[in-house]
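Work through each task before reading its solution.

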Amino acid sequence: MSEVLDFEPCLASSKNVQRIPGQNIWAMTSLAQPNLDSKYIFVIHSNDSSHVGQDLKSNLEKLEEFKKLEFNWNGNNAEPFSDALIEKAKSVLFSLRVQPEIFPTARKSIQFEYEKENGDYLEFEIFENSVSCLEIISGNEKECQIDITEIFSLIDHFYATDRNFRF
């Protein structure tokens with residue numbers, strides 16, 4: 001069964017939904033992804049989740065485990081994660097061509113990490129209302145706040161110089 005991507009401007013009635021046929025859209029049945037920005041909601045439907053990669057499935061399972069973490073989950077008074085943060089992290093994971101290693105943090109954020117064999121490192125710390133980025137390339141460190149939509153191009157750029165890597 002083919003997938004359908006619903007592209008719906010916020011506050012629009014259900015009559016205004018545009019349907020765009022999609023191919024190889026990573027999705028699970030009737031999963032609604034939260035807003036990546038304030039203008040649009042993306043809803044992905046699929047009757048077949050066999051195209052969802054094992055790395056994505058594993059990361060989604062980790063996020064479900066993060067949901068279960070209670071106050072003091074790290075023995076140092078760390079707070080539990082909000083549903084909004086978990087859903088935000090899920091929406092990003094579904095859109096990534098390369099899945100990161102993911103970890104909970106005591107800063108009420110979820111960390112996405114990428115590391116290449118040469119030691120280059122890329123990290124995103126996803127907070128409910130912001131995203132920070134740490135990039136270490138050839139020993140040069142750069143840290144900044146980014147818009148969530150910048151994650152995708154930063155990952156592409158991170159792997160662009162790796163001749164051994166294929167998307």
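**Exercise 1.** At what angle do the axes of helix 1 and helix 2 cross?

*Solution.* The model is predicted, and local features need pLDDT of at least 70, side-chain atom pairs count only at pLDDT 80 or more, and totals for chains, interfaces and linings use all residues. Residues are numbered from 1 along each chain as its sequence is written, and side-chain values use heavy atoms, without hydrogens and water.

Step 1. Take helices (H or I, at least four residues) and strands (E, at least two) as DSSP runs numbered from the N terminus. Axes are lines fitted to C-alpha atoms, for helices over the stretch in contact, with angles from 0 to 180 degrees between N-to-C directions.

Step 2. The axes of helix 1 (residues 54–67) and helix 2 come within 10 Å and cross at roughly 175°. Helix 1 is therefore roughly antiparallel to helix 2 (angles over 145 degrees count as such).

Step 3. With contact meaning heavy atoms within 4.5 Å, helix 1 contributes L56, N59, L60, L63, E64, F66 and K67, and helix 2 contributes D83, I86, E87, A89, K90, L93 and F94.

**Exercise 2.** Which residues of helix 3 are buried, and which are exposed on the other side?

*Solution.* Step 1. Buried means under 20% relative accessible area, exposed over 50%, and partly exposed in between (1.4 Å probe, protein chains only). In helix 3 (residues 150–160), I151, I155, F158 and Y159 are buried.

Step 1. These residues lie on the same side of helix 3 because they cover an arc of only 85° around the axis, taken from the directions from the helix axis to the C-beta atoms. H157 and A160 are exposed on the other side of helix 3.

Step 2. The packing partners of the buried residues are helix 2 (83–95), strand 6 (110–115), strand 7 (121–126), strand 8 (131–137) and strand 9 (140–146).

**Exercise 3.** In what order do the strands form the open sheet, and where do the helices lie?

*Solution.* Step 1. Two strands pair if DSSP finds at least two bridges between them. The open sheet has 5 strands in the order 5-6-7-8-9, with antiparallel pairing.

Step 1. Strand 5 and strand 9 are the edges, each pairing on one side only.

Step 2. Helix 2 runs at about 25° to strand 6 and lies across strand 5, strand 6, strand 7 and strand 8. Helix 3 lies across strand 6, strand 7, strand 8 and strand 9, at about 170° to strand 7.

Note on methods:
Angles under 35 degrees count as roughly parallel, over 145 as roughly antiparallel, 65 to 115 as roughly perpendicular and the rest as oblique.
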